[in-house]
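Open the model in your viewer and keep the selection tool ready. Each stop below says what to pick and what to look for.

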Amino acid sequence: MLHRTLTLAIGLCGAVAASQLPEFTQQYSQRLGGAVDELTRVVKRFDGDSVAVGEDRKGALARLAGSSDELARRQSSAMFANIMRLDALQAQQAQMAVAGPFRRIEAFLSDPDPDVAGATWNAFQPGVPATGEGVAAGGLGFLAGGGLMLLVGRLFRRRPRLAGARR
């Protein structure tokens, strides 16, 4: 009796936890959009400054990298990292935008940005799984949690003694 109750409780906990994945992915997607918007603004400003001094982006980065000024060299590296991160975030944003249910979760899980994911986790607000995706994820979580408990229960189950066995 206790084993069944515990299995049900673990299954329900798994359902509740898994049902939040679509909501977390939604909130991650919103933060991803904010990060893309901000980095786009930074890169556009750099591109505008580059054009104003007669350079394109590549030329401006090379000019800064080749400078004898340590600060300029560091700024070149930082801007290059911003540009690379913007490209990666835009690619994930595009992938998530065209993905349907479950594929959006897969797109998130395949390569989450650590900074965006961390910020999402810190501000995460659980939601009621009102979508088919949330209900299905909850069902899978229930099956995974309950299945895990059944497996653990089988490992620790007492085996009946045979009638003629010795101690």
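At what angle do helix 2 and helix 5 pack, and how far apart are their axes? Select residues 21-52 for helix 2 and residues 103-110 for helix 5. They pack at an angle of about 65°, with their axes 10 Å apart. Axes here are lines fitted to C-alpha atoms, for helices over the stretch in contact, and angles run from 0 to 180 degrees between N-to-C directions.

Before going further, two notes on the model. This is a predicted model, in which local features need pLDDT of at least 70, side-chain atom pairs count only at pLDDT 80 or more, and totals for chains, interfaces and linings use all residues. Residues are numbered from 1 along each chain as its sequence is written, and side-chain values use heavy atoms, with hydrogens and water left out.

**Stop 1: helix 2 against helix 5**

Stay with this pair. Helix 2 and helix 5 are therefore roughly perpendicular to each other. (Angles under 35 degrees count as roughly parallel, over 145 as roughly antiparallel, 65 to 115 as roughly perpendicular and the rest as oblique.) Now show side chains. On helix 2, pick L21, P22, F24, T25 and Y28. On helix 5, pick R104, I105, F108 and L109. These residues make the contact, meaning heavy atoms within 4.5 Å. Color them by class: 7 are nonpolar, 1 is polar and 1 is charged. The classes are Ala, Val, Leu, Ile, Met, Phe, Trp, Tyr, Cys and Pro for nonpolar, Asp, Glu, Lys and Arg for charged, and the others, Gly among them, for polar.

**Stop 2: the whole chain**

Zoom out and switch to cartoon. The chain has 7 helices and 0 strands. Helices (H or I, at least four residues) and strands (E, at least two) are DSSP runs, numbered from the N terminus. Of the 167 residues, 29% count as buried. Buried means under 20% relative accessible area, exposed over 50%, and partly exposed in between (1.4 Å probe, protein chains only). Take the contacts between residues at least 6 apart in sequence: 76% of them join residues at least 24 apart.

**Stop 3: helix 3 and its two partners**

Select residues 57-65, which form helix 3. Turn to helix 2 beside it. Helix 2 and helix 3 pack at about 85°, with their axes 9 Å apart. That makes helix 2 roughly perpendicular to helix 3. Pick V43, F46, D47 and S50 in helix 2; they meet R57, A60, L61 and L64 in helix 3. This contact has 5 nonpolar, 1 polar and 2 charged residues.

Next, bring in helix 4, residues 70-98. Helix 3 and helix 4 pack at about 145°, with their axes 7 Å apart. From helix 3, show R57, L61, L64 and A65. From helix 4, show A72, R73, S76, M79, F80 and I83. The class count for this contact is 7 nonpolar, 1 polar and 2 charged.

**Stop 4: Q92**

Select its surroundings. Leaving aside neighbours within four places in sequence, Q92 is in contact with Y28, L32, A107, F108, D111, P112 and D113.

**Stop 5: salt bridges**

Side chains of opposite charge can pair when their charged atoms come close. A salt bridge here is a side-chain nitrogen of Lys or Arg within 4 Å of a carboxyl oxygen of Asp or Glu. The count comes to 8.

- Select R41 and E38. Their closest N and O atoms are 2.2 Å apart. Both lie in helix 2, 3 residues apart, about one turn of the helix. R41 is partly exposed at 40%, and E38 is partly exposed at 39%.
- Select R74 and E70. They meet in a salt bridge of 2.9 Å, N to O. R74 counts as exposed at 56%, while E70 is partly exposed at 38%.
- Select E55 and R63. Their closest N and O atoms are 3.6 Å apart. E55 counts as partly exposed at 25%.

**Stop 6: L150 and T7**

Finish in helix 7, residues 132-156, by selecting L150. L150 is partly exposed, with a relative accessible area of 45%. L150 and T7 are 143 residues apart along the chain, yet their C-alpha atoms are separated by 6.8 Å.
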